[in-house]
Each structure stands twice: as C-alpha cells, then as structure tokens.
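Dear colleague,

I am passing on the structure we spoke about, with notes on what was found in it. Please keep it open beside this message while you read.

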Amino acid sequence: MPTWNTFIEGDNLEVLHGLAVGGERFDLIYIDPPYNTGNDFAYDDDRRGPDGGRAGRHQAWRAMMRPRLEAAREVLDPAGALYVSIDDHEAAHLRLLLDEVFGEGNFLAQIVVNLNAKGRQLGHGFATSHEYLLSYARDARRCRLDASSPDHVDERDFPLTSPEGHRFRHLPLRNTNKKFNPITAPTLHFAIWGDPATGLVSPDPFDGAVEISPVFGDGAPAVWRWSRPRIAARATDLVCRTIKGRRGERVDVFQRDWLHPQEGRRRKKLRTIWLAEEIGSTDTAVAELKDLVGHVFESPKPTGLIRRILGTMPEEARVLDFFAGSGTTGHAVALANLADGGTRRCLSVNVAEPTREGSNAQRAGLSSVADITRARLRAVAETLGGGLDERVWPC
Ligand SMILES: C[S@@+](CC[C@H](N)C(=O)[O-])C[C@H]1O[C@@H](n2cnc3c(N)ncnc32)[C@H](O)[C@@H]1O
C-alpha cells in the first residue's frame, strides 16, 4: 500500500522547483501561508517592506508569494485545483495575485470560513469571526473539482417514507424556474397522463387518466424537467396528485426524490459560507493538535476544514501542502482515507524555522516548526496508520 503521508523539511520554493523538475504532479494543493499579521508566535509573520509602511509590507508579502504560486501552478495537474487560506490582511492582494498567476477565468470561489464563532474580542472594532478560502482551477474547463458534499445532505429535507421504509420527498416535475418556459425550452412542453386516485403517471393515455400539461402557479404555460423518454423510463419515480393551488384545485405530477438514490451517493452543492459548527474552529483545531502532540502551535486549522476541501476532489487525489505548519492537511488525509477507503497521498513541506524561545514547543523539545510537523505526522501514522516518509531537502 502506498504511504499516505510524506514530509519534506525545507524551503518550499526550492522544494517546489525540485518537484517540477522531477515531473511530480498534484491534484489538490491546499496552503495556509503566513497572513502577514505583524505577529511572530510560532513562525515569522511580519514582512516589512524597505520603508516599513503598509504598502511596502503588502509588496514584500506579494514578492514572497508570487514565485511560490507560480511554482505551485507548475506542479498542479491540468485537472487540479488550489485552495488558499487567507484573512483580511492580504485577502485583496492575494485575490489579484491569483488572478494574475492562474487567470481570472480559473477563479472558482471565495469562501467565507467561520473559524471563530464568537468573534475576536481583543482589540478595537468588529469582532472578526471569519477568514477566507480562495479557490482556483489550473484550468476551469478541465478541473475535476466537484463543489458538492455527500455529508452536507440534511435527512430532515426528506420527510416522506415509502412502504419499504425508504426516505423521500416530493419535487414538482414541472420546472419552477420561469427562465424555462415553452419559448426557451419548447421540447419540454408536452402533455402527459396521470391518475390522482392511484398516483400512476405515463407519457401515454391510459384508463382513468387525465391529461396534464405543465403550468406555473398563475396558470401560465411551463415546461417539465424531464424529457418524454425519461418520464417513460422512470414513471415509477413519479406520482400524480391533486393539489390546492392559488387558482383552486388542480392535478399535477411530482418526482419521488429519494434520500439514497440507486445510482451513486446523493450530494448537495456546497455553500460559500462554511460554519464552525460544520467544519470545526481554531479552538477545536488546537484541541486536535493537543491530543496528538501538545499545545505547541498557535494557529492550526481544524481537520474538518481540510476534510471538506478533500471531499471536493477524487478519493485518490495527490495532495500537496507546502506551508504545512502543524501538519493538519496530512492528518486530515489520513482521517479521510480511513473514513471512505480512499487512497489519497499527501506531501507536506515546512521550513525548519526555529520555534520561539520559551514557547510550549521548545519546552516539548521541538526546536523548529518542521519538528512540530514531523511530530504530528508521526503520531498520525502511529494512531491512524498509512505510514510516514520523512525527508530533508535536498533529497
Ligand atoms: C499559517 S502556518 C500553517 C498552519 C497549518 N495550516 C496548520 O494547520 O498547522 C504557515 C507555515 O508556513 C511555514 N513557512 C513559512 N515560510 C515557509 C517557507 N518558505 N517554506 C516552507 N514553510 C514555510 C511556517 O513555518 C508556518 O509553519
């Protein structure tokens, strides 16, 4: 079985160039670069420009990021996708930089990630409770990213139960979007037959059936969502019912939409706001790291956030995180593989940046951030399996 996790200690720019030369390709790159906050807890996060001012600061940060994003693009598979975590300090600059490097047409989403449900109570102004995740495709036309999730489906949306015990809901067979009507979609405007007493539906007349044409609530002509052949093939998933509309009683046709369809798992489109209650928070992330290694890193990401990102790409994705920090991405890959039997592999990269004097990390004998990454990924391999391949650049 291939090793799930690999860790390379080294400067990510050199490692990325080496990977590109070696022809390595990744399906998914997730990075959480220093946000340029001016703080310096576990790692250096203060990029002052030559003049020490704000403009110089952004410029210095962009100068650090640009070659790394360009190199990341080189090692991204043509059908791959990149996600970058960022907060308000550099969000605007990063968006423009990514537009330049990946092309505006390959922008997929700017997701609001609510990692601090209560909001930051320190300092002046608003209690900031979110940051961002920017997502770009290497090539939007070929990208394999599926912006939906099987875990996101809410069973409560399926209130009905069949005699066999299967959950479902009724969806109108008629297209309720007024953009689709007999003028814009003439082939989907046709009559079908149904019997409200038995519920039976057919594209052809039968005994006891009434003719039904699609109409909007106001009586204007509408269109069906399914073609005539599809209605014939899946007539048992349709039901004819008498309903009370705005203009009195009428007979209409509904689809039985199953919670667990026969073909594949049901998936729901992901919204662009991800809540802490769904993906975890900075507090839960600190607790996850504490369980494995200790409280040795100030700003890890929750594995739930990375698992949701992983869920948008195939189960055999080759994953890269070249600002690995405490190794959350490698941890999330092992958890995801265990949960769904996937064969994802993850390469984490972090420089041997010294940890702060007197910090918990130093007290725990972890003298660099690379030591923290290694310690967590070793603990992941021990507790969850999947192994760990450790290297130091150049390797
Ligand atoms: C915001 S942290 C990442 C946190 C991580 N997502 C987690 O959940 O723990 C950014 C990391 O990038 C690392 N880093 C900064 N510059 C680097 C470089 N040139 N090469 C490799 N790693 C670097 C820092 O040491 C730090 O650990």
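Leaving aside its neighbours within four places in sequence, which residues is P314 in contact with? They are R144 and R344, where contact means heavy atoms within 4.5 Å. P314 itself sits in the loop between α7 (303-310) and β16 (318-321), helices (H or I, at least four residues) and strands (E, at least two) being DSSP runs numbered from the N terminus. Its C-alpha atom is separated by 23 Å from that of V112, the two residues being 202 apart along the chain.

Before the rest, please note that this is a predicted model, in which local features need pLDDT of at least 70 and side-chain atom pairs count only at pLDDT 80 or more, while totals for chains, interfaces and linings use all residues. Residues are numbered from 1 along each chain as its sequence is written, and side-chain values use heavy atoms, with hydrogens and water left out.

As to the overall layout, the chain is divided into domain 1 (5-151 + 267-392) and domain 2 (169-258), with bounds that come from an automatic or database domain assignment. The C-alpha centres of domain 1 and domain 2 are 48 Å apart.

Around the ligand there are 21 residues, of which D32, K301, S326, T328 and E353 come nearest; a residue is counted here if one of its heavy atoms lies within 4 Å of the molecule. An oxygen atom of the ligand lies 2.6 Å from an N or O atom in the side chain of S326, and a polar side-chain atom of T328 is likewise 2.6 Å from a ligand oxygen.

Turning to the helices, α2 (residues 54-75) and α3 (residues 91-102) pack at an angle of about 35 degrees with their axes 10 Å apart, the axes being lines fitted to C-alpha atoms over the stretch in contact and the angles running from 0 to 180 degrees between N-to-C directions. Among the residues that meet there are W61, M65 and L69 in α2 and L94, L97 and F102 in α3.

Finally, two backbone details deserve a look. The peptide bond from W393 to P394 is cis, with omega near 0 degrees, and P394 lies in the segment after β18 (388-392). N36, in the loop between β2 (26-31) and α2, has a positive phi of about 65 degrees although it is not a glycine.

Terms used: A polar contact is a pair of N or O atoms within 3.5 Å; within protein, one must be able to donate a hydrogen and the other to accept it, and residues adjacent in sequence count only if both atoms are side-chain atoms.
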